[in-house]
Amino acid sequence: MSREIRINAFLAFAPTHLSPGLWAHPRDRSLDYNTLSVWTELARTAERGGYDALFFADGISQYDVYGGSNATGVRLGLQFPRLDPLLLVSAMAQVTEHLGFAVTSSVSYEAPFLFARRMSTLDHLTRGRIGWNIVTSFGESGSRAIGHQGARPHDERYDLADEYMEIVYRLWEESWEAGAAVRDRETVTFADPRRVHEIRHEGPYFSMQGTHYAEPSPQRTPLLYQAGTSKRGKEFAARHAECVFLSAPSAQVIAKDVADVRSRAAALGRDPASVLFFSLATVIVAPTSAEAHAKWEDIRRHVNLEGALALFSRWSGIDLSKYSPDDPLRYVQTEGMQSTIEGFTTADPNRVWTIGELAIFNAIGGKGPVFIGSPTEVADALETWQAQTDVDGFNLSHALLPGTHEDFVDLVVPELRRRGIYKPAYRPGTLREKLYGEGAALIAHPHPAARHRAAHSPAAQPGLPIDTATHV
């Protein structure tokens, strides 16, 4: 029997996410992306459908590789403009009770002390429903916008990320001991200073000294997502990620990445089954197969293939405007998302993509498959993909917003529940508990974050700073 399928909605706080041109479709509401009601209504729909989370992509680099400028990205609204999704979370949490919220934030763009407070704030206000998608950011324009000379080389970005994680783990898990916030009205003591500790860190990339400015939130450390599947990205995922987001055109590529990361996690002493994998997919569904394919053909008439190439150009670091549609896509070493170009070249040596085929494939929903059909056909496709890849669920992109998710909730979720492979109701507790079960609110050993909760030895003098000379 198939295991439970989990579902997130994959989104961007922008007029376009992964389906360029479809904001012009008469049934799409993406042009209203900057109105709050679009997102609160979507949150209600997702919770009605039992989604685990809304998963927001984010970044501050423009799509400026294609043609050597940002002109195509600006004209087509390719994830530009893009607002701050962290500011959406409180409003969406207010209209839901169980739905999680995974937000992307880069270790390259914000000091860990400030970011740790922001995530603790959201974890408090959502009562433990916040997750963090950890990214390292390869975009040159984003780096320049915050005063850096440029993005660091690929592997060095992960070295920095390891150090960043060490700092935020210590702030979330170590700075405040359990029970330090006593809230004692009689003694007028909010927190016991002997149990609140200053963190000091000196490392190759960061130097900081401070006490975490938030008392422990329901999860302390937010649920941790990660999306890089380069060799260095897999090393990072095996050490840190609780959930891994994968995007590739074939089940064969996804399956290899899942097996590789699980093996690496096991080598670090982690239970490989505790790392959950979500595969990118888009679903076009209608009551009948014929209606679904008619819907698909209507959507295809509105996509913009140039926009698809501009998106892929930035992800891969290759300017595809220099090629003709019949040219084959070849592997090129860049400082971009290495897993993106590998997924369409070296990861599957039996498949050679032309630039034209690449544009068509990526035009709806990005780098993952599109499942089209009746509820039964779509459910069959999801089960098959899960069986072939060993993923735990899907990050569902949309063709039309919010229609793609409304259709999935109304048509596919009942079929999955009928088969007994979709949650009939939410588990109680935090986002981590909803995924891992009651009592799992805090990140568990042997995860590197968990060891910091035991950092206060009986011999330590209360209230004194805790130092570390190096990162991980």
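Colleague: How are helices α8 and α13 oriented to each other?

Modeller: In this predicted model, helix α8 (residues 251-267) packs against helix α13 (residues 375-389) with the axes 8 Å apart and at an angle of about 45 degrees. Angles under 35 degrees would count as roughly parallel and those from 65 to 115 as roughly perpendicular. The two helices, α8 and α13, are therefore oblique to each other.

Colleague: Which residues make that contact, and how many of them are nonpolar, polar and charged?

Modeller: Helix α8 contributes Ala251, Ile254, Ala255 and Val258, while α13 contributes Trp385, Gln388 and Thr389. By class, the contact of α8 with α13 has no charged residues, 2 polar ones and 5 nonpolar ones.

Colleague: Is helix α7 mostly covered or uncovered, and which elements are involved?

Modeller: Of the 10 residues in α7, 7 are buried, and the helix is mostly covered. The buried residues are Arg232, Gly233, Lys234, Phe236, Ala237, Ala238 and His240. What covers them includes β4 (130-135), α6 (154-173), β7 (223-226), β8 (243-246) and α8.

Colleague: Is His240 buried or exposed, and which residues is it in contact with beyond its sequence neighbours?

Modeller: His240 is found in helix α7, which spans residues 231-240. Its relative accessible area is 1%, and because buried means under 20%, His240 is buried. Leaving aside neighbours within four places in sequence, His240 is in contact with Asp162, Met165, Tyr169, Leu224, Arg270, His447 and Pro448.

Colleague: Why is strand β11 described as largely enclosed, and which strands are joined to it?

Modeller: In strand β11 (residues 393-397), 5 of the 5 residues are buried, so the rest of the structure largely encloses it. Strand β1 (residues 6-12) runs parallel to β11 and is joined to it by 4 bridges, with Ile7 opposite Phe394. Through 5 bridges, β11 is also joined in parallel to strand β9 (residues 276-285). There, Thr282 stands opposite Ser397.

Colleague: Which residues form the covered face of strand β6, and which residue is the bridge partner of Ile199?

Modeller: In a regular strand, side chains alternate between the two faces of the sheet. Strand β6 (residues 207-211) has Ser207, Gln209 and Thr211 on its uncovered face, and Met208 and Gly210 on its covered one. Strand β5 (residues 198-202) pairs with β6 in the antiparallel sense over 5 bridges, and a hairpin of 4 residues joins the two. Within β6, the partner of Ile199 is Gly210.

Colleague: How is the pair of Trp39 and Phe56 classed, and how many residues apart are the parts it ties together?

Modeller: The whole structure holds 24 aromatic pairs. The ring centres of Trp39 and Phe56 are 5.5 Å apart and their planes are at 55 degrees, so this pair is tilted. Trp39 is buried at 1% relative accessibility, and Phe56 is buried at 0%. Because Trp39 lies in helix α1 (residues 36-48) and Phe56 in strand β2 (residues 53-57), the pair ties together parts whose separation in sequence is 17 residues.

Colleague: What is the geometry of the pair Tyr164 and Phe206, and how many residues apart are they?

Modeller: These rings, of Tyr164 and Phe206, lie 5.6 Å centre to centre with 75 degrees between the planes, an edge-to-face pair. Both Tyr164 and Phe206 are buried. Tyr164 is in helix α6 and Phe206 in the loop between β5 and β6, and the pair links distant parts of the chain, 42 residues apart.

Colleague: Which residues form one aromatic cluster?

Modeller: A cluster of aromatic residues is also found in the model. Its members are Phe10, Phe55, Tyr225, Phe245 and Phe278.

Note on methods:
Residues are numbered from 1 along each chain as its sequence is written. This is a predicted model: local features need pLDDT of at least 70, side-chain atom pairs count only at pLDDT 80 or more; totals for chains, interfaces and linings use all residues. Side-chain values use heavy atoms; hydrogens and water are left out. Axes are lines fitted to C-alpha atoms, for helices over the stretch in contact, and angles run from 0 to 180 degrees between N-to-C directions. Angles under 35 degrees count as roughly parallel, over 145 as roughly antiparallel, 65 to 115 as roughly perpendicular and the rest as oblique. Contact means heavy atoms within 4.5 Å. Ala, Val, Leu, Ile, Met, Phe, Trp, Tyr, Cys and Pro count as nonpolar, Asp, Glu, Lys and Arg as charged, and the others, Gly among them, as polar. Buried means under 20% relative accessible area, exposed over 50%, partly exposed in between (1.4 Å probe, protein chains only). Two strands pair if DSSP finds at least two bridges between them. Rings of Phe, Tyr and Trp (its six-membered ring) pair if their centres lie within 6.5 Å; planes under 30 degrees apart count as stacked, over 60 as edge-to-face and the rest as tilted.
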